[in-house]
Amino acid sequence: MEPDKLIQAFTQVARNQDYVFPPDAITAIPELQAKIAELETQPPNVIAEALRQWYINYEDVRDAVLIEEREIDKVSKTKPEIQENTQENRYRVLQDELKKLQAKNTAASQPNQP
């Protein structure tokens, strides 16, 4: 799999399919965010491998990312490739989506305050 497509697929899953992230994956998001921050200046294949190593323990997340990657492949074969994000922006978007995912799930697990 191409690193850029894996990063894009993971970002889209975090944005659109938060239900595939079990509670233990949500709890582990800060660890993933720290790892991505450390690797931000590295080539995409290093970031993609860090994502792969993280989600390998979460079957539903892994499956969703693989399906999303296949969908990206299908679209890229039918449409010319458009490079809309720089590498830096892509990582920022990834980090933002992880923050949103964590915040959304943290809020959902909190009991309603009167």
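What percentage of the 114 residues in the protein chain do buried residues make up? Buried residues account for 37% of them. Here, buried means under 20% relative accessible area, exposed means over 50%, and partly exposed covers the values in between (1.4 Å probe, protein chains only).

The structure is a predicted model, in which local features need pLDDT of at least 70, side-chain atom pairs count only at pLDDT 80 or more, and totals for chains, interfaces and linings use all residues. Residues are numbered from 1 along each chain as its sequence is written, and side-chain values use heavy atoms, with hydrogens and water left out.

The protein chain has six helices and zero strands. Along the sequence, the pattern reads α-α-α-α-α-α. Helices (H or I, at least four residues) and strands (E, at least two) are DSSP runs, numbered from the N terminus. The protein chain exposes about 7200 Å². Carbon and sulfur atoms supply 50% of that area. Accessible areas come from the Shrake-Rupley method with a 1.4 Å probe; for residues, only the protein chains shown count as cover.

Two packed helices are described by the angle between their axes and the distance between the axes. Axes are lines fitted to C-alpha atoms, for helices over the stretch in contact, and angles run from 0 to 180 degrees between N-to-C directions. Angles under 35 degrees count as roughly parallel, over 145 as roughly antiparallel, 65 to 115 as roughly perpendicular and the rest as oblique.

Helix H3 (residues 29–39) and helix H4 (residues 44–55) cross at roughly 165°, and their axes come within 10 Å. H3 and H4 are therefore roughly antiparallel to each other. The crossing of H3 past H4 is right-handed. A crossing is right-handed if the near helix is turned clockwise from the far one by less than a right angle, and left-handed if anticlockwise. H3 contributes Ile29, Leu32, Lys35, Ile36 and Leu39 to the contact, while H4 contributes Val46, Ile47, Ala50, Leu51 and Trp54. These residues divide into nine nonpolar, no polar and one charged. Ala, Val, Leu, Ile, Met, Phe, Trp, Tyr, Cys and Pro count as nonpolar, Asp, Glu, Lys and Arg as charged, and the others, Gly among them, as polar.

H4 also packs with helix H1 (residues 3–16), at an angle of about 50° and with the axes 8 Å apart. That angle makes H1 oblique to H4. H1 passes H4 in a left-handed crossing. On the H1 side, the contact holds Pro3, Asp4, Leu6, Ile7 and Phe10. On the H4 side are Pro44, Asn45, Ile47, Ala48, Leu51, Arg52, Trp54 and Tyr55. By class, the contact has 10 nonpolar, one polar and two charged residues.

Threonine 11 belongs to helix H1. It counts as buried because its relative accessibility is 6%. Not counting residues up to four places away in sequence, threonine 11 touches Val93, Leu94 and Glu97.

Glutamine 33 lies in helix H3 and is buried, at 14% relative accessibility. Leaving aside neighbours within four places in sequence, glutamine 33 is in contact with Gln95, Leu98, Lys99 and Gln102. Glutamine 33 and aspartate 96 are 63 residues apart in sequence, yet 9.6 Å apart in space, C-alpha to C-alpha.

Arginine 90 sits in helix H6 (residues 87–109). At 11% relative accessibility, arginine 90 is buried. Arginine 90 and isoleucine 7 are 83 residues apart in sequence and 8.1 Å apart in space, C-alpha to C-alpha.

Technical notes
Contact = heavy atoms within 4.5 Å.
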